[in-house]
Amino acid sequence: MKISVIGLGYLGATHALAMAKLGHEVIGIEPDTSRLSALQAGKLPFYEPGLDEALVQVLEGGKVSFQAAHDAKSATCEVHFLCVGTPQLAGSNAADTSFVFAAARELAAVISKDAVVAGKSTVPVGTASRLKQEMSEVAGFEVNLAWNPEFLREGSALEDSLKPDRIVVGSWNAHSVDMLRDVYKPIIISGTPFITLDVTTSELVKVAANSFLATKISFINAMAEVAEVSGADTVALAEAIGYDERIGKKFLRNGVGFGGGCLPKDIRGFIARAEELGVGSAVDFLRDVDQVNLRRRDRVVELATQELGDVKGKQVLVLGISFKPDSDDLRDSPSLDVALRLETLGAKVRVHDPMALGPLGDRHSQLERADDLEAGFVNADLVILGTEWAEYRALDPAAIGDLVANKLIIDGRNLLDVASWQAAGWRLIALGRNVHN
Ligand code: UGA
């Protein structure tokens with residue numbers, strides 16, 4: 001099928017390449033010139049395992065092309081996916097949907113009557129019906145809009161797109177469902193459930209799923225707060241409750257908390273939308289979910305201050321600054337936040353990350369990079385593990401111990417083997433665990 005994908009960030013670029021891998025003819029539309037020219041040159045503008053090879057493969061196979069705006073060719077596509085971002089509005093909890101509306105209006109001006117528009121962006125419930133109305137006014141006919149939320153995770157984005165747990169389609173008519181069923185046919189044939197429902201519910205599915213996941217993480221981090229004062233071990237607790245299949249072990253890893261471009265902004269956007277709908281109290285608990293999450297960052301800063309006496313002038317090495325491993329995404333990264341806050345308190349902060357080489361947040365920062373992992377440890381007074389990249393698990397505490405000024409480490413992700421670090425003479429502080437020496 002002929003498909004256009006509008007907006008080529010993490011979500012859109014992955015979706016465009018996944019669609020091309022399924023055999024569709026894909027036109028990707030991206031107004032940002034640097035992102036566009038990178039993609040045209042076969043270079044992924046961000047790090048995502050396996051996606052760079054997929055890009056080269058589908059470009060060479062002629063299955064995908066990229067352009068800045070719609071033209072006569074993209075106008076004839078049978079299905080258009082809207083993948084533009086909905087960031088948090090400055091100074092508010094609400095999501096900024098202006099990019100989605102702008103992209104939808106541009107599309108409506110060129111679209112054909114039978115084409116289907118599938119929204120994939122995460123939007124406040126009720127957005128799609130306003131979009132449909134605006135698009136239909138611009139087009140001069142009733143646009144076939146459907147809502148098809150995306151559940152991919154950074155770090156496993158391509159795999160999640162090609163083998164999702166489910167495909168969700170909210171629609172106003174059968175034509176939209178039929179077209180989308182055709183698009184996803186190879187995935188559906190391999191056994192993925194294809195769920196059709198009304199548009200409003202499909203919008204809600206996405207924010208409900210992310211809210212549930214965020215709640216699960218904050219639940220275990222709330223238990224960590226209790227464990228820290230009562231002397232319990234949150235990792236053992238999570239394992240023990242996780243054996244109950246109704247609870248499950250996934251998304252119960254306590255640590256410095258969740259970040260990224262989705263969970264934090266989605267729960268805040270949901271709070272704002274529920275308030276607008278007059279049911280703010282229904283999701284009041286999400287404020288606590290947010291607060292518990294942010295308190296974990298405070299906790300690491302507090303531990304660093306307690307352990308060092310005063311962080312001023314002290315050398316701190318932060319291992320991992322991306323918001324999760326196997327990603328170079330720094331958006332709302334808990335470990336980057338901790339690093340910047342320690343720097344503000346006067347520490348000399350050095351950061352290491354295997355992939356996140358972009359600018360270090362939007363605050364002016366003196367954060368020094370340790371491009372070489374071992375060199376990063378030299379003379380460190382404190383090491384903080386903030387993101388659980390696999391290579392940090394493989395560190396040899398004995399060898400590293402010879403490099404640092406002080407064998408002191410805060411494991412913010414419960415990644416390290418406590419016994420071997422302690423045996424090598426380190427004082428290891430694991431969040432939410434009563435295992436300190
Ligand atoms: C999340 C959802 O998992 C996806 O299903 C969704 O499609 C995506 O948001 C989105 O809305 O686009 P993502 O943010 O890429 O995906 O990554 P996650 O694996 O969910 O991790 C989010 C954060 O939670 C990370 O900072 C991670 O370190 C943290 N986390 C995760 C924990 O602290 N503990 C856990 O047990 C799991």
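## Reading the model

Mentor: S4 has its place in strand β1, which covers residues 2-6. Keep in mind that this is a predicted model.

Trainee: Is S4 buried or exposed, and why?

Mentor: The cut-off for buried is under 20% relative accessible area. S4 counts as buried because its relative accessibility is 0%.

Trainee: Which residues does S4 touch, leaving out those up to four places away in sequence?

Mentor: With those left out, S4 touches I27, H70, C77, V79, H80 and F81.

Trainee: How should I read a nonpolar core?

Mentor: In soluble globular proteins, nonpolar side chains tend to be buried together. Here the largest nonpolar core has 40 residues, and V5, L17, F66, V79, F81, L180 and Y184 touch the most other members. The most is given to this core by helix α1 (residues 10-21), which contributes eight residues.

Trainee: Which residues is F66 in contact with, apart from its neighbours within four places in sequence?

Mentor: With those neighbours set aside, the contacts of F66 are L8, L17, G28, L36, L39, Q40, L55 and L59. Another core lies apart from the largest one; it has 27 residues, including V300, A356, L367 and L408.

Trainee: Now the ligand. How many residues surround the ligand, and which are the closest?

Mentor: The ligand is surrounded by 21 residues, of which L152, E154, K206, N210 and K324 are the closest. By class, the shell around the ligand divides into ten nonpolar, three polar and eight charged residues.

Trainee: Which helices each supply at least two residues of that shell?

Mentor: Those are α10 (199-230) and α12 (263-276). The largest share of the shell comes from α10, with four residues.

Trainee: What should I look for in the phi angles?

Mentor: Most residues other than glycine have a negative phi. In this model D326 has a positive phi, near 65°. N414 also has a positive value, near 50°.

Trainee: Where are D326 and N414 found?

Mentor: D326 is in the loop between β9 (315-319) and α14 (334-344). Its relative accessible area is 36%, so D326 is partly exposed. N414 lies in the loop between β13 (408-411) and α18 (418-423).

Trainee: Is R246 buried or exposed, and why?

Mentor: The cut-off for exposed is over 50% relative accessible area. R246 counts as exposed because its relative accessibility is 75%. R246 is found in the loop between α11 (234-242) and α12.

Trainee: Which side chain does a polar contact join to that of R246?

Mentor: The side chain of D244, through a polar contact of 2.8 Å. For separation in sequence and in space, take R246 and L294: they are 48 residues apart in sequence, with their C-alpha atoms 27 Å apart.

Conventions. Residues are numbered from 1 along each chain as its sequence is written. This is a predicted model: local features need pLDDT of at least 70, side-chain atom pairs count only at pLDDT 80 or more; totals for chains, interfaces and linings use all residues. Side-chain values use heavy atoms; hydrogens and water are left out. A nonpolar core is a set of buried Ala, Val, Leu, Ile, Met, Phe, Trp, Tyr and Cys residues joined through side-chain atoms within 4.5 Å. Buried means under 20% relative accessible area, exposed over 50%, partly exposed in between (1.4 Å probe, protein chains only). Contact means heavy atoms within 4.5 Å. A residue is near a molecule or strand if one of its heavy atoms lies within 4 Å of it. Ala, Val, Leu, Ile, Met, Phe, Trp, Tyr, Cys and Pro count as nonpolar, Asp, Glu, Lys and Arg as charged, and the others, Gly among them, as polar. A polar contact is a pair of N or O atoms within 3.5 Å; within protein, one must be able to donate a hydrogen and the other to accept it, and residues adjacent in sequence count only if both atoms are side-chain atoms.
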